[in-house]
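Thanks for coming. I will go through a few helices and then some charged pairs.

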Amino acid sequence: MTLYVNGIGTLGPGLAGWVGSRAVLAGESPSCEAAPPEPSASVLPPNERRRSSESVRWAVHVAQEAMQQAEADAHEVASVFASSDGETSVLDRLCTALATPQRTISPTLFHHSVHNAASGYWGIATGSQQSSTVLACYDSSFCAALLEAAAYVHIEERPVLLVAYDLPPPPPLYAARPLRGGFAAALLLTRTPAPQNLAQLDLALSNDLSEKATSMDDARLEALRSGNQAARSLPLLAAIARQRVTPVCLEYLEDQQLLIRVMPC
């Protein structure tokens with residue numbers, strides 16, 4: 001399947017926004033451990049932004065960046081959200097509350113515990129009534145979401161906003177799922193070429209596991225890639241940033257890989 005990228009949003013350590021991240025991802029500037037800024041998610045109404053969780057704000061922040069970069073209308077764009085673990089901070093607070101004698105659960109907190117919280121907030125913020133799919137496939141979440149978005153783009157012939165995000169869970173959940181730093185990325189994908197395209201992606205699945213998955217040359221970025229499922233998108237983002245024909249191999253299932261040929265536009 002062939003896709004075109006019209007907009008990109010990023011948020012992570014030293015990767016605050018696509019414009020500022022391109023040189024780092026392309027290997028033209030060194031990476032750094034600088035903490036990402038607090039996500040603005042300014043598209044959210046003030047009351048909703050105040051009530052939203054941190055992971056929701058990360059997801060909405062990069063989604064907003066990708067849409068603004070592409071100058072796209074959210075009312076015309078479907079969405080696919082992917083998070084391997086979802087609202088772990090909310091889950092921790094719920095479990096802590098259930099362990100107290102009172103067992104009092106906040107309705108607002110329970111409302112935020114669902115896995116599609118970020119998708120719901122995006123719909124509230126934009127007023128979009130387009131289809132929205134939410135996936136959780138452990139470390140395969142980004143690849144599964146990219147394939148889901150590609151299929152939707154081709155079948156429905158409509159642009160799709162892909163948003164992948166994950167934040168480290170609080171202790172004691174961190175011991176069971178030690179994600180290395182937070183990361184979020186968004187891609188606005190379309191089926192047809194246009195002047196504003198940033199890259200062309202040719203996708204194919206392969207059962208040939210002899211080809212090694214693409215890693216990052218920079219040690220900090222590689223640690224982030226291997227330690228956060230949303231950051232599995234980094235080799236793809238780096239290939240787009242380099243603006244040259246680049247093959248990318250992403251780990252998908254135990255017996256399958258996702259091959260992407262990235263071409264500049």
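A word on terms before we start: buried means under 20% relative accessible area, exposed means over 50%, and partly exposed is in between, with a 1.4 Å probe and protein chains only. Helices (H or I, at least four residues) and strands (E, at least two) are DSSP runs, numbered from the N terminus. This is a predicted model, where local features need pLDDT of at least 70 and side-chain atom pairs count only at pLDDT 80 or more, while totals for chains, interfaces and linings use all residues. Residues are numbered from 1 along each chain as its sequence is written, and side-chain values use heavy atoms, leaving out hydrogens and water.

Helix 3 first, residues 54–70. Of its 17 residues, 14 are buried, so helix 3 is largely enclosed by the rest of the structure. Its end C-alpha atoms are 25 Å apart, which agrees with the 24 Å it should span at 1.5 Å a residue; the expected span is 1.5 Å times one less than the number of residues. After helix 3 comes glutamate 71, with a positive phi near 55 degrees.

Helix 7, residues 141–156, has 16 residues and reaches 22 Å between its first and last C-alpha, close to the expected 22 Å. Its buried residues include Phe142, Leu146, Tyr152 and Val153. Just after helix 7, glutamate 157 also has a positive phi, about 55 degrees.

Now the salt bridges, meaning a side-chain nitrogen of Lys or Arg within 4 Å of a carboxyl oxygen of Asp or Glu. How many does a search of the whole structure find? It finds ten. One of them joins the side chains of glutamate 76 and arginine 158, at 3.6 Å from N to O. Glutamate 76 is in the loop between helix 3 and strand 2, and arginine 158 in the loop between helix 7 and strand 4, so the pair ties together parts 82 residues apart in sequence. Glutamate 76 is partly exposed at 43% relative accessibility, and arginine 158 is partly exposed at 27%.

Next, arginine 177, which is buried at 12% relative accessibility. Its side chain meets that of aspartate 85 in a salt bridge of 2.8 Å, N to O. Arginine 177 also forms a salt bridge with aspartate 139, the closest N and O atoms being 3.0 Å apart. Salt bridges that share partners join Asp85, Asp139, Arg177, Arg232 and Glu251 into one network.
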